[in-house]
Amino acid sequence: MGRLNVTLCGIELDNPVIPASGTFGFGYEFADYYDINELGTFSFKGTTALPRFGNPTPRIAETPSGMLNAVGLQNPGVDRVIAEELPKMKRVFSKPVMTNVSGFSVGEYVEVVEKLDGEEAVGWFEVNISCPNVHGGGMSFGTDPKAAAEVTRAVRKATKKPIILKLSPNVTDVTEIARAVESAGADGVSLINTLLGMRIDLARKRPLLANTTGGLSGPAVFPVALRMVYQTAKAVKIPVVGMGGVGRAEDVIEMMLAGATAVEVGAANLVDPYACRDIIRDLPGVMDKYGIENLQDIIGGAIQ
Amino acid sequence: MKQTVLTVQKNLPLTGSVREMTLSGDLSAVTRPGQFVNLKLDGFYLRRPISVCDKDGDALTLIYKVVGDGTRAMADYGQGKEIDCLVGLGNGYDTALSGDAPLLVGGGVGVPPLYWLAKTLIAEGKRVTAILGFNTADEVFYENEFRTLGAKVIVTTVDGSYGQKGFVTNALAGLDYTYVYTCGPEPMLRALYRATTLDGQYSFERRMGCGFGACMGCTCKTVAGNKRICREGPVLKRGEILWED
């Protein structure tokens with residue numbers, strides 16, 4: 001194994017850097033900018049059973065050191081993802097992909113997972129129970145341990161592939177949800193999804209986002225995300241994928257020291273399309289600087 | 001799309017709140033009028049999308065209105081300031097469809113992208129008429145620049161303090177044109193769409209996250225399905241437009 005390699009739920013990654021769902025489409029558009037096979041993997045655009053337009057615009061607002069989004073799971077639906085998006089993805093990406101799925105009922109999660117399960121490109125399922133921008137689904141599963149466990153059990157029966165539950169930070173105790181999904185059969189957890197926030201347009205004296213609220217991401221959330229990754233890594237035995245405000249190689253190493261096995265990068269891709277490529281290229285130099293031989297060895301190294 | 005560093009050459013006021021910035025650098029990815037660039041400003045997380053007003057060799061002209069903290073910071077950028085830019089974003093206008101007498105209609109800071117378009121159409125031997133709409137006389141800019149290109153120029157102001165009084169649509173009567181190119185506030189685009197039946201291309205504005213198609217922040221519904229204003233836009237053909245209520 002190389003210095004950057006890590007193993008996530010039994011699948012080896014060339015490096016721990018993973019563009020986060022919703023910031024990287026189905027990958028092929030970034031392949032115009034660089035060879036996306038340089039990535040560990042990427043988490044593709046959250047897929048639901050039916051096509052979704054998402055929320056009205058404006059869907060984006062800037063914040064100090066970050067941004068709000070209320071896209072609302074725009075995607076073409078699982079059938080078109082399989083028929084149109086995955087073939088385009090496979091032309092430019094040859095590694096197992098992290099397959100992000102969402103739903104508005106337990107049955108919908110199962111339906112989407114069952115349809116995608118036969119796709120050879122699918123490495124892991126990342127089960128999003130934490131989208132703050134949709135109503136009647138999404139985050140409501142991720143803020144209640146019983147509902148989170150129910151989704152996990154149902155998805156567990158639908159696939160033998162690793163399932164990673166994507167958790168919401170909008171809870172009092174994230175470790176309670178993490179333990180619930182671990183007990184229900186999750187192979188891993190990823191966190192944090194975005195933090196619920198809002199801005200007001202002073203000129204109109206109305207919420208800036210058409211959805212009123214949105215999810216905060218970017219460097220502003222990094223310390224919160226790091227704390228939650230640390231707490232979760234202490235609380236569960238399954239791997240933790242850390243994310244939230246990661247923008248540089250140093251952040252990746254902090255996340256791993258806090259207990260992350262791999263690290264997702266979200267908002268940074270939207271500011272700089274080369275962000276993940278540059279983080280991966282910078283990692284060896286930063287590891288040298290801090291006397292780190294292999295990344296796999298530092299996972300959870302700061303936990304006390 | 002290309003990521004590149006552009007250097008500020010000039011950054012001067014055109015009116016009280018509108019400024020003209022000239023930058024130099026590698027503009028090889030800027031291929032069509034109507035495209036935009038996305039600027040990384042110091043201290044701001046998201047980039048600022050600004051439409052291309054003109055490209056002349058390695059010189060890029062941007063015209064922007066100071067409306068918020070980002071553009072206010074941009075106004076202070078002096079000669080030699082280097083800006084990390086994504087250039088060549090968006091589809092831009094297609095000049096092949098114009099016929100021999102295209103009409104260009106711009107409103108406020110929707111005027112700038114029509115400048116390079118006018119220049120291109122005139123170089124292609126077309127007879128260009130431009131209606132430039134503003135609120136008041138002190139907001140008017142680029143009238144002479146369009147005239148110098150060889151375009152027939154009509155300026156309208158809402159309060160009548162300069163040029164023809166009224167909206168851009170009040171200036172349509174009696175004009176002879178083959179096709180419409182427009183950019184401006186959405187109410188203006190909608191009024192123009194209703195006031196003419198000729199085919200054309202309409203450039204839209206949306207708040208954007210990334211500007212290159214990754215975040216789905218600027219999606220709109222069209223006759224031809226969902227389109228990202230930053231990627232399949234900002235220019236939509238008349239027949240594609242679905243007006244939202």
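1. In this predicted model, Asn38(B) stands opposite Leu86(B) in S6(B), and this pair belongs to the antiparallel pairing of strand S3 (residues 36-40) of chain B with S6(B), which runs over four bridges. Strands here are DSSP runs of E with at least two residues and helices are runs of H or I with at least four, numbered from the N terminus, and two strands count as paired if DSSP finds at least two bridges between them.

2. As the model is predicted, local features need pLDDT of at least 70 and side-chain atom pairs count only at pLDDT 80 or more, whereas totals for chains, interfaces and linings use all residues.

3. S6(B) also pairs with strand S1 (residues 2-13) of chain B, in the antiparallel sense and over six bridges, with Leu6(B) standing opposite Ile83(B). Because six of the eight residues of strand S6 (residues 82-89) of chain B are buried, this strand is largely enclosed by the rest of the structure; a residue is buried if 20 or more other C-beta atoms, placed from the backbone, lie within 10 Å of its own.

4. These pairings form part of a barrel in chain B, which six strands close in the order S1-S2-S5-S4-S3-S6 with antiparallel pairing. Neighbouring strands of this sheet are turned by 45 degrees against each other on average, direction ignored, where axes are lines fitted to C-alpha atoms, for helices over the stretch in contact, and angles run from 0 to 180 degrees between N-to-C directions.

5. Chain B is divided into domain 1 (2-89) and domain 2 (95-203), with bounds from an automatic or database domain assignment. The contact between these domains takes 14 residues from domain 1 of chain B and 12 residues from domain 2 of chain B, and S4(B) gives the largest share of the domain 1 side, five residues.

Note on methods. Residues are numbered from 1 along each chain as its sequence is written. Chains are lettered from A and ligands numbered from 1 in the order in which they are written. A residue is buried if 20 or more other C-beta atoms lie within 10 Å of its own, exposed if 12 or fewer, and partly exposed in between; C-beta atoms are placed from the backbone. Two residues are in contact if their C-beta atoms, placed from the backbone, lie within 7 Å.
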